[in-house]
Amino acid sequence: MLTMNRRSLLGAGAGAAGLLGAAAFTPAWARGASLNGRHIRAGFDEVSGASIDLTIGEGPRVVQGRRGHAIAVNGSVPGPLVRLKEGEAVRLNVTNTLDEDSSIHWHGLLLPFQFDGVPGVSFPGIRPGETFTYDLPPIRQTGTYWWHSHSGLQEQAGHYGPIVIEPAGPDPVQADRDYVLLLSEFTPMHPHTIMDKLKKGEGYFNYQRTTWTDDYPLSGEDRRMWAEMRMMPTDILDVTGSTYTYLANGHGPMEGLEFLFNPGQRVRIRVINGSAMTFFNVRIPGARIHIVAADGQNVRPVPVEEFQIGTAETYDFIVEPTGEAMTIVAESMDRSGMAVATLASRPGARAPVPALRDAPLLTMADMGMSGMDHGASGEMDGMNHAAMGHGPQNPASTQQPEPMEAMNMEGMNMRDTSMLPPDVEVGPGIDMVAMNPVDRTGDPGIGLDKVPHRVLTYRDLVALEPNDDLRTPSRQMEIHLTGNMERFMWSFDGKKFSSVSEDPIRFAYNERVRVKLVNDTMMAHPIHLHGHFFELVNGAPADRQPQKHTVIVQPGGSASFDLTADESGDWAFHCHLLYHMHAGMFQIVTVAPQGDAPEQERVGEHG
Ligand SMILES: [Cu+2]
């Protein structure tokens, strides 16, 4: 069994060389058949055509010597790559051989709500032994997406896979090679056990507790201050590498996933974060990469050397690898482990794998105290509390790179619920209120503000093609992301979702709304709206705001998007961290069916 410690080094060529090159052809066994106790295979086949059969099964699984029980689709984890084509209809026949209900949600796809695949919201779910047919009309989009179970915690157990939609015409992104890199996690622990442990003790999986180590740049006073707040500056991810093995297309870091290239070739990598709970920092040491798509939508190419990908997001990038091999590193945001793949000029070629970097610490900005910083002095002592929460915010300074310095907490009330709008339910579900939440779309993400190279931020994203709805939003809506970390309670506006007490978020058909998400917690949340794309308000011109289906809202900060509610029906809206969703950070969005509201003309819409 392999555990990767901080600063541990995976040597070049460690493990079996070239176990399963993604370029190599693997036989398509078990397609449409149940597993019958056979071992689940790592890596995926591809399915395409007008009618596609998928079978949900279960069986034993081994990753780097760790054994577990897993759910697989068509016999593998991840399940097969579903390759679709723009303009073509498809029938997806999904058979459930589990002894419990299951489902498939097509993440990022525009489709009739009854085929969105969320039990209790848009369909009843798929009973044991039954087949549900998702009858999708001609596909209206292109790009990189994924699919996963929306039943219970099945996604954690392996029930997910990639989707690629080919454009009907020429692809504006030209590449010689085209690969999918699906990032996820493996744990032998049952997902319900993880949920129980999270409920029992906050920080259960945090083996980087400051109280356990001595090498964090924190004074005794810092530590006391964090303890008084009952928070930990290392509380970056709820579940960590102490439990998870991070996977690249189902392969552990020692299992040698490789993507072949010939020198001089442009390689497209479609990165999908199909994990349950992990944000990854992706980089290729020694290479500059060009981000060409976000959440399936083409963007103007952005040259970067690293980017953070939240759970459920997708990014496509182009790289021209040099030398014999280059390593693709996907380090978990808390740096407790990594997924690894190799760009190899010949099978088995390897480049060095860098050590895990030092674990990051949360900052003032992550506590919702942006703009309360103290300039370059690094001194928090004697700060002027009267100045807090006032004065103009410079968006460029929303990053607070210094770790939380010792400070006098007197006069600061991080639980001042009077700052919340009246529709937020105040109760035990809220243990923090961001005192001064500012727009943090200019932040590269936790731990990446000090790296010595260029990192992507949301503000770099500019849509490649102009958007078609340029109306000014007629309404603004504010939604607070709320939680009580200690009790692992998560909610929107302080209201934990339960199907019996549903009070959906309502939009009129074709309404244009600006939605501001305010994060009153110290964790980053990837918020996903089903069935739609929204335009991120990131400073790009209105017609070039990037379209996304998932937005990370940084801790203690905010993010806004403009939404045209033009897909009728009931849609899920939730945090894509699986256990946050399960704990209640979930809501239903209802778009009134077409005809209920007068249609307004859409600027620039043709046909
Ligand atoms: Cu969350």
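These are legends for a handful of close-ups of a predicted model. Numbering runs from 1 along each chain as its sequence is written, and local features need pLDDT of at least 70, side-chain atom pairs count only at pLDDT 80 or more, while totals for chains, interfaces and linings use all residues. Side-chain values use heavy atoms, with hydrogens and water left out.

View 1. His 525 (ND1), Cys 575 (SG) and His 580 (ND1) sit 2.0 to 2.1 Å from the copper ion. Donors here are N, O and S atoms within 2.8 Å of the metal (3.2 Å for Na, K and Ca), and water is not among the atoms, so sites may look incomplete. Along the chain the donors are spaced H-x49-C-x4-H. Cys 575 and His 580 are both buried (under 20% relative accessible area; exposed is over 50%, partly exposed in between; 1.4 Å probe, protein chains only).

**View 2. A cluster of aromatic rings.** Ring pairs tie Trp 106, Phe 115, Phe 123, Phe 132 and Tyr 134 together. Rings of Phe, Tyr and Trp (its six-membered ring) pair if their centres lie within 6.5 Å; planes under 30 degrees apart are stacked, over 60 edge-to-face, and the rest tilted. The whole structure has 16 aromatic pairs. Take Phe 123 and Phe 132: their ring centres are 4.9 Å apart and their planes at 65°, so this pair is edge-to-face. Phe 123 is buried, at 7% relative accessibility.

**View 3. The largest cavity.** About 140 Å³ of space lies inside the largest cavity. A cavity is a set of points, on a 1 Å grid over the protein atoms alone, where a 1.4 Å probe fits but cannot get out; lining residues have an atom within 4 Å of a point. Of the 16 lining residues, Asp 443, Pro 444, Tyr 458, Ile 552 and Gln 554 are the closest to the centre. The elements giving two or more residues to this lining are β32 (550-553) and β33 (557-565) (strands are DSSP runs of E, at least two residues, numbered from the N terminus).

View 4. Most residues other than glycine have a negative phi, and most peptide bonds are trans. Gln 64, in the loop between β4 (51-63) and β5 (66-73), has a positive phi near 50°. Ala 312 has a positive phi too, about 85°, and is buried with a relative accessible area of 0%. From Val 77 to Pro 78 the peptide bond is cis, with omega near -10°.

Conventions. 1 Å grid on protein atoms, 1.4 Å probe; cavity = no way out; pocket = protein on both sides within 12 Å on 5 of 7 lines; lining within 4 Å. Points joined across faces, edges and corners; volume = space filled by probe spheres on them. Helix = DSSP H or I, 4+ residues; strand = E, 2+ residues; numbered from the N terminus.
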